[in-house]
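Trainee: I would like to go through this model with you, one question at a time. Shall we start?

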Amino acid sequence: MFKFEKLVFGDMGWGDEFLIATFMTIAVSICSMGLGIFIAIFAAWAKLSLNKFLKILSNIYTTVVRGVPELLIIYLIFFGGSAAIMSIAKAFGYYGYIELNAFTISVVAIGLISATYSTEVIRASVLSIDKGQFEAAKSMGLKKFQIFYKILIPQVLRHAIPGIGNVWQVTLKDTALISVTGLVEIMRQTRISSNVEHSPFTFLITAAFLYLILTTFSGKFFNFIERKVSKGFV
Amino acid sequence: MQDSLIIVNFFQIFNALDETILLLIVSLPIGFIFSIIFAFGRLSKNKFVSKTISIYIFCIRGTPLLVQIYLIYFGLGNIKAVRESIFWILLKEPFWCGVLALVINTVAYGAEIFRGGIQSVKKGQIESGMALGFGKISLYRRLILPIALRQVLPTYGNELILMVKATSLISLTTYMEMTGVARKIMATTFAPVEAFVAAGSLYLFLNFLVVQLIKFLEWKYNPHLRLKN
């Protein structure tokens, strides 16, 4: 039933494959988290802007992506991503065949999902800044850019870290779903190994442990960062 | 032509809506009841019980739902003792594996939510309940639980939406609910957008219903917060 001896490193076991798969999971998580925050900054700005159209657009984006299962979004990008890119390329006069690799598809899909959560975190942390601070900054004669750079950004960063930490945990766990695209991360490696060794239980327990280690240590890391940046603020 | 594909897909996926709703109808009430029980277990003075439950919550919240589903669907069948027990009648069905996985997952999150609600009941209220001569059980039944439940309604509503979304993962255990059908359509017709629109709008509709239900419950159980006309 258990074949934990198959987890050794080298040609006899799956240890090194699992190590590489873990790094792949981390790489996908970090890339999609980065993409997510990048999109989220614009989406949060659109949500807070006075432009009605941008506001509605960004609200539709977050509502739809958060209301639809992650797996469905991954399928949409997996089956439709290449066609979408090719039709965009066609508009620019390129008629060749473009195929997205699994890594890009995964990062885009998970990034789009994680962006919706980051948007709410960033929006909330912008709103948590007291309005009086902007008024004070204006009355002191700070320019718009200076207010943004010296008043808004430092405080938003500090307020957003706990929320971003939560989004990171969700993103990390969402990467398990991208195994359907064929990218060899922990879940895909688990399926491959258990099909070869006919022992799904062993490898699934291994996968669960790996995820547990990843979430626990990244949680500790975010706690550390949070304590560090909120030094002096209670 | 494309329009008709949307309509055909929509009805194919619509037929699979029953399967999704069936999963929810079975797993939500079980999950709700066990969440409350586990929340009390987490708060219990018995160190062993509270420690065990907090380890359980830690393990479930730290691993993806997909791992849990696979562990139950592929992993349990791997153990001989399970295959020979009476539970195998249920566990060989992907539906019951899905229900089990969803319940195990939601209880971990739900227990934490309810624990927060129970702990948020003010001490003064409990003390005044005791002063009025409530027994331990009626203190919980008439005072702590009603306050705690209405306190956590918005948070638990979020968890319910996550559950609706989580049912899509059961499609990976060959149980053909909406996402499974949508995947099949995408893979065979290469028209991913149409299938996505059909399935997505149905999921949005389900989530809309959940939000409305939670809103109604909030309105019903917070009569003191309603605007007086």
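Trainee: Is A:Ile74 buried or exposed?

Mentor: This is a predicted model, where local features need pLDDT of at least 70, side-chain atom pairs count only at pLDDT 80 or more, and totals for chains, interfaces and linings use all residues. Residues are numbered from 1 along each chain as its sequence is written, chains are lettered from A and ligands numbered from 1 in the order written, and side-chain values use heavy atoms, without hydrogens and water. Buried means under 20% relative accessible area, exposed over 50%, and partly exposed in between (1.4 Å probe, protein chains only). The relative accessible area of A:Ile74 is 0%, so the residue is buried.

Trainee: Which residues is A:Ile74 in contact with, leaving aside neighbours within four places in sequence?

Mentor: A:Ile74 is found in helix α3 of chain A; helices (H or I, at least four residues) are DSSP runs, numbered from the N terminus. Contact means heavy atoms within 4.5 Å. By that rule the partners are A:Ala109, A:Ile110, A:Leu177, A:Ile178, A:Val180 and A:Thr181.

Trainee: What separates the C-alpha atoms of A:Ile74 and A:Ile105?

Mentor: Along the chain, the two residues are 31 residues apart.

Trainee: Which residues have the most contacts inside the largest nonpolar core?

Mentor: A nonpolar core is a set of buried Ala, Val, Leu, Ile, Met, Phe, Trp, Tyr and Cys residues joined through side-chain atoms within 4.5 Å. The largest one has 105 residues. Helix α9 (residues 136–166) of chain B gives the most to this core, with 13 residues. Those with the most contacts inside the core are A:Met187, B:Ile13 and B:Met178.

Trainee: What does B:Met178 touch, not counting residues up to four places away in sequence?

Mentor: Take the leucines: B:Leu17, B:Leu202 and B:Leu206 are among them. The list also holds B:Ile13, B:Ala16, B:Thr20 and B:Tyr203.

Trainee: How many residues are in the second, separate core?

Mentor: This core includes A:Ile122, A:Ile129, A:Leu152 and A:Val156. Its count is seven residues.

Trainee: What area do chain A and chain B bury between them?

Mentor: Buried area is the accessible area (1.4 Å probe) that two parts lose on being put together, summed over both. The contact takes 34 residues from chain A and 34 residues from chain B. Carbon and sulfur atoms hold 78% of the buried area, which is about 3,100 Å².

Trainee: Which pair forms the salt bridge between the side chains of chain A and chain B?

Mentor: A salt bridge is a side-chain nitrogen of Lys or Arg within 4 Å of a carboxyl oxygen of Asp or Glu. The rule finds one across this interface. A:Glu70 and B:Lys165 are both buried. With N to O at 3.7 Å, the pair is B:Lys165 and A:Glu70.

Trainee: Which element gives the largest share of the side of chain A that touches chain B?

Mentor: The elements that give two or more residues to that side are α2 (52–67), α3 (70–91), α7 and α8 (200–229) of chain A. The largest share is nine residues, and it comes from α8(A).

Trainee: Why does the pair A:Lys47 and A:Glu120 tie together parts of the chain that are apart in sequence?

Mentor: Their side chains meet in a salt bridge at 2.5 Å, N to O. Both residues are buried. A:Lys47 lies in helix α1 (residues 15–48) of chain A and A:Glu120 in helix α4 (residues 102–127) of chain A, so the parts tied together are 73 residues apart in sequence.

Trainee: Which residues are linked with A:Lys47 in a network of salt bridges?

Mentor: Over all chains, the count comes to eight salt bridges. The network links A:Lys47 with A:Arg66, A:Glu120 and A:Arg123.

Trainee: Is B:Arg61 buried, partly exposed or exposed?

Mentor: B:Arg61 forms a salt bridge with B:Glu112, the closest N and O atoms being 3.9 Å apart. B:Glu112 counts as buried, at 14% relative accessibility. B:Arg61 has 35%, so this residue counts as partly exposed.

Trainee: Which backbone oxygen lies 2.5 Å from a polar atom of the side chain of A:Ser194?

Mentor: A:Ser194 is found in helix α7 (residues 186–197) of chain A. At 7% relative accessibility, A:Ser194 counts as buried. The backbone oxygen at 2.5 Å belongs to A:Thr190.

Terms used. A polar contact is a pair of N or O atoms within 3.5 Å; within protein, one must be able to donate a hydrogen and the other to accept it, and residues adjacent in sequence count only if both atoms are side-chain atoms.
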